[in-house]
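Student: Could we go through this model together, strand by strand and then residue by residue? I'd like to ask things as they occur to me.

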Amino acid sequence: MTATKIFNHVDEGTWTGTPDGNRRRVLLHTDELMLVEFAFEKGGIGALHSHPHVQASYVAEGRFEVTIDGKTEVLEQGSSYIVPSNLVHGVKALKAGRLVDTFTPHRADFLD
C-alpha cells in the first residue's frame, strides 16, 4: 500500500488546464478529502456546475464574483465560501487570482 502524502510544498503539483480555460493543480488528497488550487486570469470563468461533493473555497488572491444557488456575491482575498452538495455554482475572476478548494469526498475526476 502506498503511504498517503500528507505534506505539499509550494512548487509541487502539476498544473493542468480546465475545460473552461483556467488551470488547477491537486495539492493533496485522501479518499475523504481533496485540496486543489485553481488559477484564473482576469475575466476567467468557472462555469456554472454542480457535483455531489461538499466544497469549501478560500480566495488566496484576486477578486471573484461567486454564484451559489442563484445568489451572487463579490469576494476578495481572504474571503471564503461553502458550496453544499449538488448546488449549482460558479465564479468569474474580476481580477487575476487563485482559489484554494477543498472537496469531500475527493474528486476522482481530478486525478490522472
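Student: How do β5 and β6 pair, and over how many bridges?
Tutor: β5 and strand β6, which covers residues 71–76, pair in the antiparallel sense over six bridges; strands here are DSSP runs (E, at least two residues) numbered from the N terminus, and two strands pair if DSSP finds at least two bridges between them. This is a predicted model, in which local features need pLDDT of at least 70 and side-chain atom pairs count only at pLDDT 80 or more, while totals for chains, interfaces and linings use all residues. Residues are numbered from 1 along each chain as its sequence is written, and side-chain values use heavy atoms, with hydrogens and water left out.

Student: Which residue in β6 is the bridge partner of Glu-65?
Tutor: Glu-65 has Val-74 as its bridge partner in β6. In the hairpin that these two strands form, two residues lie between the strands, and Asp-69 takes a positive phi near 55°.

Student: What else does β5 pair with, say β8 or β7, and in which sense?
Tutor: β5 pairs with β8 in the antiparallel sense over 13 bridges, and β5 also pairs with β7 in the antiparallel sense, over four bridges.

Student: Switching to the core: which residues touch the most other members?
Tutor: The largest nonpolar core has 16 residues, and those that touch the most other members are Phe-38, Phe-40, Phe-64, Val-66, Tyr-81, Val-91 and Leu-99. At least two residues of this core come from each of β3 (34–40), β5 (54–68), β7 (80–83) and β8 (89–104). By nonpolar core I mean a set of buried Ala, Val, Leu, Ile, Met, Phe, Trp, Tyr and Cys residues joined through side-chain atoms within 4.5 Å, where buried means under 20% relative accessible area, exposed over 50% and partly exposed in between (1.4 Å probe, protein chains only).

Student: What is Val-91 in contact with, leaving aside neighbours within four places in sequence?
Tutor: With those neighbours left aside, Val-91 is in contact (heavy atoms within 4.5 Å) with Phe-40, Gly-44, Ile-45, Gly-46, Phe-64, Glu-65, Val-66, Tyr-81 and Leu-99.

Student: And Glu-37, is that buried or exposed?
Tutor: Glu-37, whose place is in strand β3, counts as buried because its relative accessible area is 5%. Its side chain makes polar contacts with the side chains of Arg-25 at 2.8 Å and Arg-98 at 2.6 Å. A polar contact is a pair of N or O atoms within 3.5 Å; within protein, one must be able to donate a hydrogen and the other to accept it, and residues adjacent in sequence count only if both atoms are side-chain atoms.

Student: What about His-89, buried or exposed?
Tutor: His-89, in strand β8, is buried, because its relative accessible area is 5%. A polar atom of the His-89 side chain lies 2.9 Å from the backbone oxygen of Leu-87. Not counting residues up to four places away in sequence, His-89 touches several residues, including His-49, His-51, Gln-55 and Thr-67.

Student: Last one: where does Ser-85 lie?
Tutor: Ser-85 lies in the loop between β7 and β8, and it counts as partly exposed because its relative accessibility is 33%. The side chain of Ser-85 makes a polar contact with the side chain of Asn-86 at 3.2 Å. Leaving aside neighbours within four places in sequence, Ser-85 is in contact with His-51, Pro-52, His-53 and Val-54.
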